Amino acid sequence: MCLRLRSDSPLFDKFIDGIIADRTLNTQHVDDLIDRMEELISKYSDKALMAYNKRLDNVTSRLLRIKVEHDVRGVDLRVLFEIKTLYDRILRYHSSQLIRDIFYVDKEGVILGSVWKPLSSIGIYVPCEETPCISSMFMSAIPARLAGIKHIYVATPYHKIKDKRLFMACASICGVECIYTFGGPQAIIAMAIGTETVKKVDKITGSGNVYIIAAKKKMFGRVGIDGLAGPSESVIVADKSSDTQQVSVDLAAQLERDKSALAVLITKTPKKASAVRSNINALMKLVPLDSNIRHSWSNYGLTIVCKSSTSLYNTVKKISPEHLHLNTSNAFEMMKWIHFAGSIFIGRYSPITVGDYAAGCNHVFTTNIIPRSPSGLSVLDFMTRKSVTCLPTLGSLRSISTPCIELALKANMDLHALSIGCRLHAVTNVGR
């Protein structure tokens, strides 16, 4: 059974904070495990990886890397066609994010600019139970290729993949160079520090469980990360005009992701909340006891009734969800007031599920109120911006030299001042 809340309840804010904290509880045990794992992988390299693969996944194969080959034999052509459609839509959207180098000359004759350069390599973590999250691979690999990255690697628990030919075909379409055949936090650590087989990368992207998040936190600084993308979270805002059946299906669909998925309905209509709860409770009788849907609905399914629009906006802000569906008659007007959400879906014909696959926008976001600051992955996340400064003449240097020298002297940075002054043939007047 999901929880029924009212935003005007005295303990509402504390309860929401508790729900968010519960989904991301990172115990000391997890941190200790990651520390030990890093120590062993740093020391024993591939041998440690194989030992962890056997211990955690019962995988005895010594094969840690598979080169990606373009081979579509045995792959359903209909599925390939749909995947190509997915690829093209994501490609078109992210192509609009490409940025040019910028240069301009100011009134003092100083040339200033920004130059964008791609990273050299990235590692994409693709979580997998029985079916790998292929769309997440596309969401990282396509903007990376557009940015100009030459080396793209994927790490995934390959032994769990049922349709390996399809996964390999998708990796080939995405320009992936090779697949590391293991998952878990050891994959994050290996790509961050490098081993005999695993290449050290510049940046790691991809979502995962609490162990993956902990590993990314630990490795940040030694490698770039896209953010801390943990268990999925979705909020649907509905009003009297919303189709109750559609809202019920949409909310239940978000529970399929994992056992810690957060799915929330927010509405000012108590009858709507009650009807949606009844529909999903009826659905629960049809799904297995150990399913993601049943577990998430019981622990992280919420319906929240707000008395006013202000209360509704504040509740959305409080949760700051990864996905937000405004299924209301005034969705576009409402969007103007929403500042804290990863991806926003507008109107009854824009369910969150289209964003998971073929809408085109990127669906890799941070979670657990972090969407208040970062945005979803884009082409620019796979590039670095270099600032460029050029003073082409002595005159251009002289025009800005006085404030530079004065500030340097005030900071007791005499050689800083000398660095400028010596070019102006004023060495004797610089320094003390």
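## Loops, sheets and cores of a predicted chain

Ser 45 sits in the loop that links helix α2 (28-44) to helix α3 (46-57); helices here are DSSP runs of H or I with at least four residues, strands are runs of E with at least two, and both are numbered from the N terminus. This is a predicted model, in which local features need pLDDT of at least 70 and side-chain atom pairs count only at pLDDT 80 or more, while totals for chains, interfaces and linings use all residues. Residues are numbered from 1 along each chain as its sequence is written, and side-chain values use heavy atoms, with hydrogens and water left out.

Although Ser 45 is not a glycine, its phi is positive, at about 55 degrees. For context, most residues other than glycine have a negative phi. Asn 58 is also a non-glycine residue with a positive phi of about 55 degrees, and its place is the loop between α3 and β2 (65-67). Ser 45 is buried, with a relative accessible area of 12%, whereas Asn 58 is exposed at 63%. Here buried means under 20% relative accessible area, exposed means over 50%, and partly exposed is in between (1.4 Å probe, protein chains only).

**The chain overall**

The protein chain has 16 helices and 15 strands. Of its 432 residues, 49% are buried. Its accessible surface is about 21,900 Å², with 55% belonging to carbon and sulfur atoms; areas come from the Shrake-Rupley method with a 1.4 Å probe, and for residues only the protein chains shown count as cover. Among contacts (heavy atoms within 4.5 Å) between residues at least 6 apart in sequence, 71% join residues at least 24 apart.

On confidence, the mean pLDDT (the predictor's confidence in each residue, from 0 to 100) is 86, and 90% of residues reach 70 or more. Helix α1 (residues 12-23) has the lowest confidence, at a mean of 71, and β6 the highest, at 97.

**Two open sheets**

Strands count as paired if DSSP finds at least two bridges between them.

α7 (residues 185-193) is mostly covered, with 9 of its 9 residues buried. Gly 194 follows α7 and has a positive phi near 85 degrees.

Another open sheet has 3 strands in the order β3-β4-β15, with antiparallel pairing. Its edge strands, β3 (102-105) and β15 (383-390), each pair on one side only, and the twist averages 15 degrees from one strand to the next. Val 105 faces Ile 111 in β4, while Leu 112 stands opposite Thr 389 in β15. The hairpin of β3 and β4 has 5 residues between the strands, and there Gly 109 takes a positive phi near 85 degrees.

| Strand pair | Direction | Bridges |
|---|---|---|
| β4 and β15 | antiparallel | 8 bridges |
| β3 and β4 | antiparallel | 4 bridges |
| β5 and β6 | parallel | 5 bridges |

**Nonpolar cores**

A nonpolar core is a set of buried Ala, Val, Leu, Ile, Met, Phe, Trp, Tyr and Cys residues joined through side-chain atoms within 4.5 Å. The largest has 40 residues, of which Ile 122, Met 137, Phe 138, Ile 152, Phe 167 and Val 176 touch the most other members. Elements giving two or more residues to this core are α4 (77-95), β5 (121-125), α5 (134-147), β6 (151-155) and α6 (164-173), and α5 gives the most, with 8 residues. Apart from this core lies another of 32 residues, including Ile 41, Tyr 153, Phe 182 and Ala 190.

How values were computed: Axes fitted to C-alpha atoms, helices over the stretch in contact; angles between N-to-C directions.
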